[in-house]
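Here are my notes on the model, point by point.

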Amino acid sequence: MDWGWVSDHLDLVGHYTGRNAYLGLIAVAFGFLVSLPLGLLCARYRWLYAPISALATALYAIPSLAFFVVLLDFTGLQDRTIIIPLTLYTLSVLVPAVVDGLTNVPEHVRQAATAMGFGPLRRLLQVELPLSIPVLIAGLRVATVSSISLVSVGSLLGDSFGGLGYFFTRGYQIDYPTEIWTGVIAVVVLALAADLVLVAVGRLLTPWVRRSPRTVIRRRTARAQARAA
Amino acid sequence: MSIFTDFWGWFTTGANWHGSDGIPARLSEHVQYCLLALALASAVGIPIGLLTGHFRRGGLAVTALSTAARALPTLGILYVLASYQPLAVFPVILVLAALGLPSILVNTYTGVVQADPDAVDAARGMGMRPSQVLLRVELPSALPLIWLGIRLAAFQVVSTATIAAFVSLGGLGNYIRFGLATRDYPQVVGGAVLTVVLALLSLLVVSLAARLTVSKGIRARS
Amino acid sequence: MKRRTRLLSTLALAAITATALAACGSSSNPVSSEGGNDSGSSAGSVVIGSTNFPENELLANIYADVLRAKGVKVSTQLNIGSREIVYKLIQSGKITVLPEYNGALLAYLDPKTTATTKDATDQELSAKLDPKLEVLEPSSAEDKDSLNVTKANAEKYDLHSIADLTKVADTFTLGGPPEFKTRLQGVVGLKSVYGVDFSDRFQPLDEAGKLTIDALKDGSVQVADIFSTDPSIVANNFVTLTDPKGLFGAQNVVPLVYKAGVNQTIVDALNAVSAKLDTPTLARLVSEVVSDKKDSTVVASEFAKSAGLV
């Protein structure tokens, strides 16, 4: 591993890290925007959950490169050709996360809110969603890490679409493991950083969790993570 | 849509069913890689999950390990390993196993942690040794979640095993790569559809295996 | 706590909406030196593309350097799939300039072509090309597909030309890029021109990169398609089989351009590059990228300077 090469190309690494972060995070953001209403609908009308979940699963199975290629004809060689499939992939994790989060709100809490005079929207925004945050964060973590990692496949389409995958393909083409390793390490670091940020955000948004008995929280979060994994 | 008629045309062309590039050949390569990868992921993930779950230690390590495994860019690792060992099969297996590991590991751990505490308590009270508690109570109780983990892992592994083609090791990804290089879209779609179907089938197969091995009492609860 | 939750949820909603709006607003990527634009290009600003192998990327970088020196606004789209994808992009004007090879391009446009000399190739190419496109002056630099075998095999089976492969077609496996199987300048032509049939014994590898070279070295394939300027042919003592029937024809480097996207300055600059390139120079530059691991952009700009093009 030639660290000299790495230090010479730090600006290039930085540039592609930015691209990777942008493509991955936008996909998750859009995925969340779509999953929230979808999940709400599925939580309310339970019969919707099975078909929507099945659809999300089927979408996730589509090999990413094939997806990109087929879209190429419709969306051209643009960022959106990468972002759309990545967004759809996140649905298989985020929709269940939203549904799980909402349905795991204890019934008595929901009823207490109604009894206190909360209308459905206010109850949603101030009670159900905040209580769902641990589960939502668990899902967002998985979706974010996977998306950031998956962006690299876009490099098979062209240099500007693979984020850090640029280093994989070039390093492989000219047989230069240093370059490939650089890309790999950068992706892992970026993904883990994003993960840590989400953990921190989750902790910030749920101050009441820290005051609860630890085993209950550990179990609840573990269950959520198991479902999201 | 024309994409699907294209696929049907490709799928029903006799020539595509023969030879080393034929559908059966590529399918069997694909399945072999997936089975080996899942076996490896289970061989690593289940024991670690069982042990950390039983001793209630290392929960954080389990999450960290699975996050790290998920962060690994499959294509990148594959390229790196393939550049050291071109045309060797084990890089593909390794990479796919790393992909499936998180689901299996986390779910096994959670399954053990969530085993009915009363049953575990009773087992201990009956004088069972820790290993017996693990194997005779916690493990069977965790089986539904373990199978869930394997199911999720199988699904991911089958749909990602298409990358084997990018280091020229065959599998259904060959149709995607080949089709891409020659702008033969029916072929690309063919590879994609076959992969999706295989992935969904794997869900079915694992669910069936779960149904056969999980005892009725536990199934009723989960 | 009520207020905090409300504040946080509003912030979160705002953040998500902002990102969404930002993304919708800029559907092309934010870095100005890359990325294709919806509008394609207008004369005075060009998009230079390349296919996915080092030499092509290098040529694109050389073009980019030279054009930038002439004050043209350049963006690049490099390492895109294969020619098949890229050709469609230049046809629609989303790419303006592409480094091409006259013979290979002709074979792609007209699989039945029998042109083998440079002049015949150039003539037919101009005729077959989409009227929106144009090829400029071909360079004397050539990079052809070439079939190579290991020195040991060449001696063992007495192989000198592609025609000799008939001796071993039943036992040899041919390795090459995936598209080699269906191209005239590939498995198809080998059968029709030389009577050597590899359709069942073809292993798709990569764009004559490490995989192909290693496969030839370790015997996974016995004959491989490697581009003639690749330094590994010499480095590994491979024997290039001669091509007496000219199947791989003339393969001069030539810029392919989208007519509406270029002006005379651009055309002149690109022709100047072609004039300064010859096969040994090209091979040397490729070796700097592939063997010495120098950056393609660095090698390109050094060449452009030393050739007096900038």
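1. A term is needed before the cores. A nonpolar core is a set of buried Ala, Val, Leu, Ile, Met, Phe, Trp, Tyr and Cys residues joined through side-chain atoms within 4.5 Å. Buried means under 20% relative accessible area. Keep in mind that this is a predicted model.

2. Start with the largest nonpolar core. This core has 176 residues. Which members touch the most others? They are Leu65(A), Ile48(C), Leu67(C) and Leu256(C). Helix α9 of chain B, residues 185–213, gives the most to this core, with twelve residues. A second, separate core has 21 residues. Leu147(C), Ala169(C), Val196(C) and Leu247(C) are included in that second core. As background, nonpolar side chains tend to be buried together in soluble globular proteins.

3. Look next at Leu256(C), one of the residues named for the largest core. What does Leu256(C) touch, leaving out residues up to four places away in sequence? Its partners include Tyr87(C), Ile90(C), Val97(C), Leu98(C) and Leu105(C). Leu129(C), Leu133(C) and Val135(C) are also among them.

4. Now the charged pairs. Side chains of opposite charge can pair when their charged atoms come close. Over all chains, the structure holds 18 salt bridges. One of them joins the side chains of Arg19(A) and Asp79(A), at 2.9 Å from N to O. Arg19(A) sits in helix α2 of chain A (residues 10–44) and Asp79(A) in helix α5 of chain A (residues 79–103), so the pair ties together parts 60 residues apart in sequence. Are these two residues buried or exposed? Arg19(A) is buried, at 2% relative accessible area. Asp79(A) is buried too, with 2% relative accessibility.

5. Chain A has another buried pair to check. The side chains of Glu179(A) and Arg170(A) form a salt bridge at 3.5 Å, N to O. Glu179(A) counts as buried at 2% relative accessibility. Arg170(A) counts as buried at 3%.

6. Glu124(C) and Lys128(C) meet through their side chains in a salt bridge of 4.0 Å, N to O. Both residues lie in helix α5 of chain C, residues 118–128. They are four residues apart, about one turn of the helix. Glu124(C) is partly exposed, at 24% relative accessible area. Lys128(C) is also partly exposed, at 39% relative accessibility.

7. Salt bridges also form a network in chain A. Glu107(A), Arg110(A), Arg123(A) and Glu128(A) are linked in it.

8. Which elements of chain A build the side that touches chain B? Those giving two or more residues are α3 (49–61), α4 (64–75), α7 (120–150), α8 (165–173), α9 (177–205) and α10 (214–228). The largest share, nine residues, comes from α9(A). By class, this side of chain A has 26 nonpolar, seven polar and six charged residues. In the contact, chain A supplies 39 residues and chain B 40 residues.

Conventions: Residues are numbered from 1 along each chain as its sequence is written. Chains are lettered from A and ligands numbered from 1 in the order in which they are written. This is a predicted model: local features need pLDDT of at least 70, side-chain atom pairs count only at pLDDT 80 or more; totals for chains, interfaces and linings use all residues. Side-chain values use heavy atoms; hydrogens and water are left out. Buried means under 20% relative accessible area, exposed over 50%, partly exposed in between (1.4 Å probe, protein chains only). Contact means heavy atoms within 4.5 Å. Ala, Val, Leu, Ile, Met, Phe, Trp, Tyr, Cys and Pro count as nonpolar, Asp, Glu, Lys and Arg as charged, and the others, Gly among them, as polar.
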